[in-house]
Amino acid sequence: MQNSDVAISYSPIISYDISHIFQLVSEAFHLLGLDRENYGKPEWNPLGEYIRPGDNVLIKPNLVMHDNPSGEGIECLYTQPSVVNAIIKFVLKAQNGNGSIIVGDAPMHGCHFDELISESDYKELIEYYQKKGKNIILRDFRNTVSEMVKGVVIEKELRQNASVIVDLGEQSSFVGLTAERMQNMRVTNYDPTVLQEHHSVTKHEYLIAKEILDADVVINMPKPKTHRKAGITGALKNLVGINSSKEYLPHHTRQSKNIHGDAFQHKDFFLRLADHYADKKCSAEKLHHYKVAWVYRYASGFCRHIGQKKSNEKFSEGSWYGNDTIWRTILDLNKILQYADREGKICKERQRRILNIGDMVISGEKDGPVRPSRKDVGIILVGEDPCSFDEVVTALMGFDGKKIPTIRHMRLAEPEIYFCKDYKIVSNNDTWNKKNISEIYEYGSMNFAPNPGWEEVL
């Protein structure tokens, strides 16, 4: 099934109360016309159009980090468990007692997963269903975790043989870039030599959690908010969490925009030197040479300070609207989710059914994704097509979707790869119901404040 509509279920009551959230989610499914003939009856089974008895269902929330340094709470940081709870109820209904559920994500490597799931009630939620005899588990997809100690990053292995390398090769969105550009791709705080082992002009490898590839159905549950590198986090960006090691994920390209990079805007010797020392720091950390790494850390910081002051540079590490790298990674991961089989081979036909459900009851603005400020919205958003979903998210935020590279390039991609198409917006609020993207952007937005690196264009 392919349902092209996007549903905006709205309530002015800002609450994560279990019954309130269940009503919001139910309304979204009703707006999409799922199992229309049985709506209001005990046998109503809206996810029956996606999930069959016996299916392995993967619920993929957006977990990010265990705390919010902005001081504005965790409700705007990650997908809240009461929203996941509502989805679990509908999944169990569709499975009819036969099937499995995994709730999982690969948050940032510095996330204290045990702390997050305990304080957020995710652990209590999963244990509740396990005690009722349901086949459900909670999973951290990361292969390694890290912690910042006295300015250096210390890594620890978390799990082995739990992921599959998927090589997109000629089907990657990085195809066509020069060898020099590929060599300059970076992930902040990770050894560049590891990234270069998996991304070159001939191969583009990602490390995907086996649980993702084994799923028959994926319920993608982003926490829509602003994002420093991609502009926004939505359904497309949320798939970064299906990859088990951040060292496989190009996030930005070293050097300035005018010399084929996107780390910063202005060409400057000291900024280039800062990036060089940052690479040395990451390589030393990988070798456990922590004292050497500490020296390189301060050398990098000193050069960055001089370079930014000298060139009036406002951006670093690709955290701005000129980032031309992260959208390629995001599109690659979306292609993998749809077309990679259980062994990681890219097929011509879609391999799993996917539905996107966004928790915008309380969203995040300004310095997202890891330091967002609270934005009360009151929306549960549901759609099958991730690009259409993100276009609606962007319009609701009050941003022009054409200026979000991930959306713009997704729309330009081959139609047989991504099924972006014409769609209707349906809502229980007349402000958005049956309106188009331009009308919502101009007259019905929630006026989000963008990430500082995106203020000039959004």
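Student: Where is the place of D376?

Tutor: D376 is in strand β15, which spans residues 373–383. Strands (E, at least two residues) and helices (H or I, at least four) are DSSP runs, numbered from the N terminus. Residues are numbered from 1 along each chain as its sequence is written, and side-chain values use heavy atoms, with hydrogens and water left out. This is a predicted model, in which local features need pLDDT of at least 70 and side-chain atom pairs count only at pLDDT 80 or more, whereas totals for chains, interfaces and linings use all residues.

Student: Which residues is D376 in contact with, leaving aside its neighbours within four places in sequence?

Tutor: D376 is in contact with I14, V361, I362 and M446, once neighbours within four places in sequence are set aside. Contact means heavy atoms within 4.5 Å.

Student: How many residues apart in sequence are D376 and I362?

Tutor: They are 14 residues apart in sequence, and their C-alpha atoms are 4.6 Å apart in space. D376 counts as partly exposed because its relative accessibility is 38%. Under 20% relative accessible area is buried, over 50% is exposed, and in between is partly exposed (1.4 Å probe, protein chains only).

Student: Another lysine topic: is K60 buried or exposed?

Tutor: K60 is buried, with a relative accessible area of 1%. K60 lies in strand β2. Apart from neighbours within four places in sequence, K60 is in contact with G104, D105, I219, N220, M221, N238, G241 and I242. By contrast, K60 and K134 are 18 Å apart in space, C-alpha to C-alpha, and 74 residues apart in sequence.

Student: On to helices. At what angle do α2 and α4 pack?

Tutor: Two packed helices are described by the angle between their axes and the distance between the axes. For α2 (residues 81–95) and α4 (residues 122–131), the angle is about 20 degrees and the axes are 10 Å apart. That makes α2 roughly parallel to α4. Angles under 35 degrees count as roughly parallel, over 145 as roughly antiparallel, 65 to 115 as roughly perpendicular and the rest as oblique. Axes are lines fitted to C-alpha atoms, for helices over the stretch in contact, and angles run from 0 to 180 degrees between N-to-C directions.

Student: Is the crossing of α2 and α4 right-handed or left-handed?

Tutor: The crossing of α2 and α4 is right-handed. A crossing is right-handed if the near helix is turned clockwise from the far one by less than a right angle, and left-handed if anticlockwise.

Student: Which residues make the contact of α2 and α4?

Tutor: From α2 the contact has P81, V84, N85, I88, K89 and L92, and from α4 it has Y122, L125, I126 and Y129. By class, eight of the residues are nonpolar, one is polar and one is charged. Ala, Val, Leu, Ile, Met, Phe, Trp, Tyr, Cys and Pro count as nonpolar, Asp, Glu, Lys and Arg as charged, and the others, Gly among them, as polar.

Student: Which residues of α4 are buried?

Tutor: Y122, L125, I126 and Y129 are buried in α4. Seen down the axis of α4, the buried residues fall within an arc of 90 degrees, so they line one face of the helix. The arc is that of the directions from the helix axis to the C-beta atoms. These buried residues pack against β2, α2, β3, α3 and β4. The face of α4 turned away from the buried side carries the exposed residues E124 and K131.

Student: What is phi of D121, a residue other than glycine?

Tutor: Phi of D121 is near 80 degrees, a positive value. Most residues other than glycine have a negative phi, and most peptide bonds are trans. D121 lies in the loop between α3 and α4. Just after α4, G133 has a positive phi of about 85 degrees. K434 is also not a glycine, and its phi is positive at about 60 degrees. K434 sits in the loop between β16 and α13 and is exposed, with a relative accessible area of 67%.

Student: Which residues does a cis peptide bond join?

Tutor: A cis peptide bond joins G368 and P369, with omega at about 10 degrees. P369 is in the loop between β14 and β15.
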